[in-house]
Amino acid sequence: MTSAADRVPVTATYRLQMRTDAFTFADAVDLVDYLDELGVSHLYLSPVLTAVDGSTHGYDVADPSTVSAGLGGRSGLEALADAVRERGMGLVVDIVPNHVGVADARQNAWWWDALRHGRNSEYANFFDFDTAADNGADGKCALPVLASGSDGRELTVDRSGAEPTLAYYDKRFPIAPDTDAGTAADIHDRQSYRLVPWDSGLIGYRRFFTVNDLAAVRVEDPRVFDAVHSQVASWISDDLVDGIRVDHPDGLARPSEYLSRLRTLIGPHRWLVVEKILAEDEPLDATLPVDGTTGYDALNELAAVFLDPRGEEVLSALSRTFTGADGDAEWLHAQEHLLGQQVLETGLAPEVRRLVRVIRQATGGNPPTSPALTETVLRDAVIAVVTRIPVYRTDYAPLSTMLPRIIGRVERSDPALAPALEVLVRALATDSESAARFGQVCGAATAKTVEDSLFYRAARLISLQEVGGSPGRFGLTPNEFHLSWAERARSWPQTMTTLSTHDTKRSEDVRARIGVLSQVSHVWADCVTEWESAAPSPDPAIGAFLWQTLFGAWPVDGVVTDVLRTRLQNYIRKALRENGTRTTWTEVDEEFENAVLTWIDTVCDGPCGAGMSEFVAGLEPHFTSDALGQKLLQLLGPGIPDVYQGTELWDDSLVDPDNRRLVDYAERRRLLGADDVPAKFAVVRAALQLRRERPASFVGGVYVPLRATGPAAHHVLAYGRGPGVDEVDVVAAASRHTVSLGADGWGDTVLALPPGEWIDRLTRRQFTGRVRLGDLVAELPVAVLSRL
């Protein structure tokens, strides 16, 4: 096994989306030389364990004990590990401990056995089953798969296989031993499960959020942990991987305990990052045995620091005109509260019902002061508290005082809830199961309320509506930015940073482009008002959101291809249903959806499209500047930067699955030997290679804010990196708010470089001392400087 001293240090990762139908381990092997020359140290793979057939993302793992045969199996993973090691690189793999895929019960042996044998199954405790009377019938596990209550009559018995199964159209369910007699309905009634309508509100197992096809697993049980991580453990013992990324730890019963167990499994020196979504001003728990998060905190800081705060008033007014609300922090908090109530009373109702039941069981149900406390009142109290929690969950060390304060505020605002809150507090203080389920409900509620609903409704500036984002905070000052990044360099030097992931609502470049609207808010308001008058959207509030989306993805040459149009249509259907005001996933309004798609065609093919093309072309230098600036600052900043697949070139991707399209690596490989390459490719390659050349200047090194002086000083963000404050040997500089530079440009603005001779890795020009910004960014809006 490779020792800690011999292990390849992680300097930068490149995220690859593995797909059994299009991108396997063999394809990744073919890319290793390209990624090495690009400058990354590690390939970062999406989940590679055996997933449900046809999965294009891998998060619906059906067999955690095996590597996906469709990707190349264990031998394919080993070949990839050998290929990267031969070039002095390493592997990082994404794992999914919270849930498994059960869309097709036949493909998940654990699930199949648990359904077949019920409580007698050796896997019965692997899942978080709920067979209480209020969540099914006759103590059975409710499976919400039927189209309607009468659809049980459509059940048949399929005897074509080795053993008979219950059949409901293309779905199959196991039959317990000695119960195969009589009609399909008779057989169904003898099983440990009960098929119920999908919209019945009944479900007999804990899920991932509200996704019925993803059943949670109880990794808090050591036996289940070992089974779920058996393949991962073999990667460690065989020294195949150098790091682990953990998907959604907040869905687990006790995340801190899980991460401690995982750290013990992988050892003290392998890189470990977690998909922990931090809210505004929420610190990462320093007691966790991890190297950091997966980088949404850095993503949102970069998006905010490039915004021009002077655009807030106009964009708020425009939002008010189209949606009836400013879209400011006060409105967002109010909407979050209302949407949270809706989510907890509908989609997450089974989880809330179970939590309330557990609380009552743990406490006897009633406080001495209120012996007649009803379940409804206790549920209302739970919902009132959960909707006021601004983070995914509060049971992390730095947040120890948050929940008591929130419960106090709820009690003061509604004294009638005091008896129910007394019961809730007693349960959380004395019962570990109540506390765990409370945390799990909080995380699910936050995700479904904010990311999957509110962020598709708010329309002031949608570039801020990103995972972990705070759209109510319009911008970040350079002082805030620099101090935050200096703290990251000190406290979390190996945390991951990112700009695009498979979960982002839009790609980094689309986000940067939309952010430029803050610099031209008056012009944008006039344009949208004119376009909306010429081609009215079916719903102005949704139109306000989609106008920005169109601007973000609009081609610079103005040519809306059939491929792009189809991508926009697919995105819009998803966005409309997530928005949920006019159509939803469960109650589809096809007439409205088609009206919106027709409107999009009208925009693309008419005068509004021509106006959009002119507007986009005019702003190209400015959104290019911001895209390059945020990319450079991320790549040379504190932490370990991840490059999402394909984003070394301009990327116009929208939300999943659009952001998992195949990448043209032939074009990117060609650029390695080209003399004239796109600016973004040049920035990525120069920054990554510099990190690899001088690792001591980054992880464990210092972050030194550099200030320009002169009339346009606030238009540049610059910092130095190096082994020590007096040893800075790398400087990153990026332009910002370039629209308002105007005719005067940089003027006499200068940046004082640290001592020494410096070369720009992008232009090969050399500098020393006090450098005029007009000279430093004469060819490109960014500079990548290294000391000679």
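1. Basis. The model is predicted: local features need pLDDT of at least 70, side-chain atom pairs count only at pLDDT 80 or more, and totals for chains, interfaces and linings use all residues. Residues are numbered from 1 along each chain as its sequence is written, and side-chain values use heavy atoms, with hydrogens and water left out.

2. Helices α11 and α15. Helix α11 spans residues 349–363 and helix α15 residues 432–451. Their axes come within 9 Å and cross at roughly 160 degrees. Axes are lines fitted to C-alpha atoms over the stretch in contact, and angles run from 0 to 180 degrees between N-to-C directions. α11 is therefore roughly antiparallel to α15 (angles over 145 degrees count as such). The crossing is left-handed, meaning that the near helix is turned anticlockwise from the far one by less than a right angle.

3. Their contact (heavy atoms within 4.5 Å). α11 supplies Glu351, Val352, Arg354, Leu355, Val358, Ile359 and Ala362. α15 supplies Glu433, Ser434, Arg437, Phe438 and Val441. The contact residues divide into seven nonpolar, one polar and four charged.

4. Helices α22 and α24. The axes of α22 (residues 607–636) and α24 (residues 679–693) come within 9 Å and cross at roughly 10 degrees. These helices are therefore roughly parallel to each other (under 35 degrees). Contact residues of α22 include Leu628, Leu632 and Leu635, and those of α24 include Val683, Val684 and Leu688. By class, the contact has 10 nonpolar, no polar and three charged residues.

5. Cavities. The whole structure has 12 cavities of 30 Å³ or more. A cavity is a set of points on a 1 Å grid where a 1.4 Å probe fits but cannot get out.

6. Second largest pocket. A pocket is an open set with protein on both sides within 12 Å along at least five of seven lines. This one holds about 650 Å³ of space. Of its 26 lining residues, Glu282, Asp297, Glu301, Ser484 and Arg488 are the closest to the centre. Helices α8 (296–305) and α16 (478–491) are the elements that give two or more residues.

Key. Helix = DSSP H or I, 4+ residues; strand = E, 2+ residues; numbered from the N terminus. Parallel < 35°, antiparallel > 145°, perpendicular 65-115°, else oblique. Nonpolar A, V, L, I, M, F, W, Y, C, P; charged D, E, K, R; others polar. 1 Å grid on protein atoms, 1.4 Å probe; cavity = no way out; pocket = protein on both sides within 12 Å on 5 of 7 lines; lining within 4 Å. Points joined across faces, edges and corners; volume = space filled by probe spheres on them.
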